[in-house]
Amino acid sequence: MSLITITQGVTRHPDYRLAAPVNFSLHRGEHLAICGPNGAGKSLLTDMLTGARPLLALGMHYDFGEGVVPRPSVHIGAVTFRHVYGSSEPAYYQQRWNRADEQEFPTVAEVLAAARQRAERDGAPAAPPQLWQALGIEEHLEQRVNLLSSGERRRLQLAQMLVRMPQVLVVDNPYIGLDAEARGMLTEVLQRLAELTTLVLVVSRAADVPPFIDTVVPVSEGRVGEKMPAAAWREAEAAMLRHLPALPPLPAAAVATPVCSDVIDFSHVTIRYGDRTILHDLTWCVRRGEHWALTGENGAGKSTLLSLVCADNPQGYACDIRLFGRQRGRGESIWDIKKHIGYVSPEMAATYRKSLPAVDIVASGLHDTVGLYRRVTESERARSEQWLATFGAAHLARRDFMRLSSGEQRLVLLVRAFVKSPSLLILDEPFHGLDEAVRRRARALIDAYMAHPSRTLIMVTHYADELPACIDHHLTLHKVKA
């Protein structure tokens, strides 16, 4: 029985249409992955499935059972990376490190309670409690959501959805932000979910299709293909990756490199939020020209550490920290520090909501602003376009950032981190949601960029195969035991 059928589907809004009408069916008990490169149209297809983008005429048909109201919002659950804080997301990025402001955010328990109330109001059946408990969310019930790590927030999103049991569950990029242990746990949870509901995963690369999914719907250049075996799609992706274009030369440096031997020097640094200790007695020195991999389980304090380096965390003033040879709190402004740093993170991708051309988003990295607050010069725009072209994204330059796919947005923000040729490049899980071809190009560009002896790298990732070849130092953080 087909739960969802689309016949020659075309969205009502002309600005949100694929290159060709869509023909698609999803049967009860069927589990599939919607796969394709960044910008292919995967998100638009899922918006059509969930009813977020209504179709013209009679192109959409739902059948959730005899006598059941075909209201998609009740029977179809969707989990996407941005739906953690709702309308509070922009405030999160500014307030994450400020303990005094955290009362504006609910606790994990309050978020789950609200989800239960919505499910009860809609008359949605409840999921087995042990299913969402398997996500390991109970230990975080009293924490406020702005203090969760990106991986912990991902678990919370899934727990919110599993309060109810929709007939169809759509999960966009389920594995991003999760450490190896959490990815294994999630695969087990998804496999158990597949016994209870119809599951649709949306992914950008073959590595993110779990073993129990054997059917793929390919999406490419705005066209939805016929269903195919997952093994065949993996072979097609591997064939494409054997023919990637050569890298162009890198743009020239834009900012002078500070003269100092130690870029970062932490001495016995401890960071606490209430009763929770995030970092304890950390001593760490990064010298100019070193390339560090920063690893650790979800919640180990990686993002907190980076917030100290980027001068975003007010607790840094109370710690013994030297950045670029200068003691924190001795008169330098955060802009004196940031002008030497290129930075991208999952939080930035989740909260950067500016309706500007992509080239202007990249140019904002020249002045370390969120959005543009000064007119972009012709030379700055040309430089931004050059960096976009270097990453294979020249075609995005004039497009509205808010109209890009989530993968394209993350790529633009990654380019933004490079645009001023910073002496310190901080990449916090930079490949979130990027397809395999883009990842490989970006990894090669990082290696090429770091060939300059005065450039320093700190990169966070939960995937060892994402690390560039230039990595020569490792720091692994562990959760501080209570």
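Which residues is isoleucine 264 in contact with, leaving aside its neighbours within four places in sequence?

**View 1. Contacts of isoleucine 264 in a predicted model.** Contact means heavy atoms within 4.5 Å. Isoleucine 264 touches Trp284, Cys285, Val286, Val309, Arg322, Leu323, Leu424 and Ile458, with neighbours within four places in sequence left aside. This is a predicted model: local features need pLDDT of at least 70, side-chain atom pairs count only at pLDDT 80 or more, and totals for chains, interfaces and linings use all residues. Residues are numbered from 1 along each chain as its sequence is written, and side-chain values use heavy atoms, leaving out hydrogens and water.

**View 2. The largest nonpolar core.** A nonpolar core is a set of buried Ala, Val, Leu, Ile, Met, Phe, Trp, Tyr and Cys residues joined through side-chain atoms within 4.5 Å. Buried means under 20% relative accessible area (1.4 Å probe, protein chains only). The largest core has 76 residues. Ile264, Phe266, Trp284 and Leu305 touch the most other members. Helix H14 (residues 406–418) gives the largest share, seven residues. Helices (H or I, at least four residues) and strands (E, at least two) are DSSP runs, numbered from the N terminus.

**View 3. An open sheet of three strands.** The strand order is E2-E1-E4, with antiparallel pairing. Two strands pair if DSSP finds at least two bridges between them. Strand E2 (22–27) and strand E4 (60–62) are the edge strands, and each pairs on one side only.

**View 4. Strand E1 beside E4.** Three bridges join strand E1 (residues 2–9) to E4. The two strands run antiparallel. Threonine 5 has histidine 61 of E4 as its bridge partner.

Key. Buried < 20%, exposed > 50% of the residue type's maximum accessible area, 1.4 Å probe, protein only.
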